[in-house]
Amino acid sequence: MSLTLYHNPRCSKSRQTLELLQQHGHQPEVVEYLKTPPERATLVRILDLLGLEPRDLMRRKEPEYKENNLDNQSLGRDALIDAMLRHPKLIERPILLANGKAAIGRPPENVLEILE
């Protein structure tokens with residue numbers, strides 16, 4: 001089984017999710033997405049797998065959200081995805097991809113649901 005974890009090592013939930021996966025015998029490929037942001041196609045795929053719109057996957061309390069006026073409801077999907085690619089800090093974390101599915105590790109136990 002191929003597992004990819006979009007991870008921020010400074011985030012406690014992300015660290016807890018990685019630890020939980022390891023406790024269950026899984027060693028995911030870890031992508032530190034702040035250093036290596038996903039490509040557009042990957043981010044679109046993640047959104048589709050999660051069944052979310054871009055704003056639903058954004059960390060709305062980050063300064064970049066307000067500074068870029070991302071609460072403007074007239075912004076379309078492409079503009080929001082562009083903002084997430086320019087400012088990967090806006091992307092919620094952690095995100096696990098496994099078995100053609102995706103889950104956000106908030107709480108960390110959420111990721112276990114897609115491993116079955």
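These legends accompany close-up views of a predicted model. Local features are reported at pLDDT of at least 70 and side-chain atom pairs at pLDDT 80 or more, while totals for chains, interfaces and linings use all residues. Residues are numbered from 1 along each chain as its sequence is written, and side-chain values use heavy atoms, without hydrogens and water.

**View 1. Four strands form an open sheet with mixed pairing.**
The strand order is S2-S1-S3-S4. Strands are DSSP runs of E with at least two residues, and helices are runs of H or I with at least four; both are numbered from the N terminus. Two strands pair if DSSP finds at least two bridges between them. Strand S2 (29-32) and S4 are the edge strands, and each pairs on one side only. From one strand to the next, the twist averages 20°. S1 and S3 run antiparallel and are joined by four bridges. Here Leu3 stands opposite Ala98 in S3. S3 and S4 also run antiparallel, again with four bridges. Across this pair, Leu97 faces Ala102 in S4, and Leu96 faces Ala103 in S4.

**View 2. The side chains of S3 point two ways.**
Ile95 and Leu97 point one way from the strand. Leu96 and Ala98 point the other way. All four are buried, that is, under 20% relative accessible area; exposed means over 50%, and partly exposed lies in between (1.4 Å probe, protein chains only). In a regular strand the side chains alternate between the two faces of the sheet.

**View 3. Helices H1 and H2 lie across strands of the sheet.**
Helix H1 (residues 12-23) lies across S1, S2 and S3. H1 runs at about 160° to S1. H2 lies across S1, S3 and S4. H2 runs at about 85° to S4. Axes are lines fitted to C-alpha atoms, for helices over the stretch in contact, and angles run from 0 to 180 degrees between N-to-C directions.

Leu43, Ile46, Leu47 and Leu50 are the buried residues of H2. The arc is taken from the directions between the helix axis and the C-beta atoms. These buried residues pack against strand S1 (3-7), H4, strand S3 (95-98) and strand S4 (101-104). Contact means heavy atoms within 4.5 Å. Ala41 and Asp48 are exposed on the other side of H2. Just after H2, Gly51 takes a positive phi of about 70°.

**View 4. Helix H2 (residues 40-50) packs on helix H4 (residues 77-86).**
Two packed helices are described by the angle between their axes and the distance between the axes. For H2 and H4 the angle is about 115°, and the axes are 11 Å apart. The crossing is right-handed. A crossing is right-handed if the near helix is turned clockwise from the far one by less than a right angle, and left-handed if anticlockwise. H2 contributes Arg40, Leu43, Val44, Leu47 and Asp48. H4 meets them with Arg77, Asp78, Ile81, Asp82, Met84 and Leu85. The contact residues divide into six nonpolar, no polar and five charged. Ala, Val, Leu, Ile, Met, Phe, Trp, Tyr, Cys and Pro count as nonpolar, Asp, Glu, Lys and Arg as charged, and the others, Gly among them, as polar.

**View 5. The buried residues of H4 line one face of the helix.**
Leu80, Ile81, Ala83 and Met84 are buried. Down the axis of H4 they fall within an arc of 155°, so they line one face. The buried residues of H4 pack against H2. Asp78 and Arg86 are exposed on the other side of H4.

**View 6. Asn69 and Asn99 each take a positive phi.**
Asn69 is not a glycine, yet its phi is about 55°. Asn69 is placed in the loop between helix H3 (63-67) and H4. Its relative accessible area is 41%, so Asn69 is partly exposed. Asn99 belongs to the hairpin of S3 and S4, which has two residues between the strands. Its phi is about 55°, and Asn99 is not a glycine either. Asn99 is partly exposed at 42% relative accessibility.

Pro94 lies in the loop between H4 and S3. Pro107 is in the segment after S4.
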